[in-house]
Amino acid sequence: MIIPVTGFQQNCSVIWNPATMEGAVVDPGGDVDMIMQAIEDKSVKVEKIVLTHGHIDHIGGAADLAERLSVPVEGPHEADQPLIDRVADQAAQFGMGEAKPVTPDKWMQEGDVLDMAGRSFDVLHCPGHSPGHLVFIDKELRLAISGDVLFAGSIGRTDLPGGDHATLIRSITEKLLPLGDDISFLPGHGPASSFGQERQTNPFLT
């Protein structure tokens, strides 16, 4: 279930196992009341909050939601600690009001396996949009949660602190695309797509 949150229309995802209703919230960037309502409407038992990276529109509601649900926060990679530390500055910069800094209970790195909604996701470190950006891959379902690395028809911004265009392109072409054209991905903003579609048509990659 996708819940677009904040003025950035960031794709906050609620993922759950239909057999157990146990699940996770990925990138709760804000609008916590709306996220809580969606969780309650679907009767999801949230076990954890998962973060792809440390930008305000992805982490702005994480501390509040974690407190309300009494669940741990996992991710992103520790290289995004400086961004997370500046969450109040980020909120002011983008006119998003106040945001509580979140302290992840567990940092993740490449090679880790994320247990989420009864599924196992491989963790890839894909810097470029931010230094500690992670992408989560369920190889069996052929599904990726890609945050702001890759979008339908576009790529993540690299003009924010810690961003680097060449590094981002390398993350996409060396880590994501080789996994297979058939992998569908859910980006941090906008519609879903597939690695194959983007490899063939994305102007930043062709």
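In the predicted model, Gln-109 lies in the loop that connects helix H5 (87-93) with strand S6. With a relative accessible area of 47%, Gln-109 is partly exposed, since this value falls between the 20% limit for buried residues and the 50% limit for exposed ones. Leaving aside residues up to four places away in sequence, Gln-109 is in contact with His-77 and Val-123.

Strand S6 belongs to an open sheet of 6 strands, arranged in the order S6-S7-S8-S9-S12-S13 with mixed pairing. Because strand S6 (113-116) and strand S13 (193-194) each have a single partner strand, they form the edges, and one side of each is left without a neighbour in the sheet. Within the sheet, strand S8 (residues 134-138) and strand S9 (residues 143-147) run antiparallel and are joined by 3 bridges. In this pair, Phe-136 is positioned opposite Ile-145 of S9.

The packing of two helices was also examined. Helix H1 (residues 32-42) and helix H3 (residues 62-69) have axes that come within 10 Å and cross at roughly 40 degrees. The two helices are therefore oblique to each other, and their crossing is right-handed. On the side of H1, the contact is made by Val-32, Asp-33, Ile-35, Met-36 and Ile-39, and on the side of H3 by Asp-64, Leu-65, Arg-68 and Leu-69. Classified by residue type, the contact of H1 with H3 comprises 6 nonpolar and 3 charged residues, with no polar residues.

Key. Residues are numbered from 1 along each chain as its sequence is written. This is a predicted model: local features need pLDDT of at least 70, side-chain atom pairs count only at pLDDT 80 or more; totals for chains, interfaces and linings use all residues. Side-chain values use heavy atoms; hydrogens and water are left out. Two strands pair if DSSP finds at least two bridges between them. Helices (H or I, at least four residues) and strands (E, at least two) are DSSP runs, numbered from the N terminus. Buried means under 20% relative accessible area, exposed over 50%, partly exposed in between (1.4 Å probe, protein chains only). Contact means heavy atoms within 4.5 Å. Axes are lines fitted to C-alpha atoms, for helices over the stretch in contact, and angles run from 0 to 180 degrees between N-to-C directions. Angles under 35 degrees count as roughly parallel, over 145 as roughly antiparallel, 65 to 115 as roughly perpendicular and the rest as oblique. A crossing is left-handed if the near helix is turned anticlockwise from the far one by less than a right angle, and right-handed if clockwise. Ala, Val, Leu, Ile, Met, Phe, Trp, Tyr, Cys and Pro count as nonpolar, Asp, Glu, Lys and Arg as charged, and the others, Gly among them, as polar.
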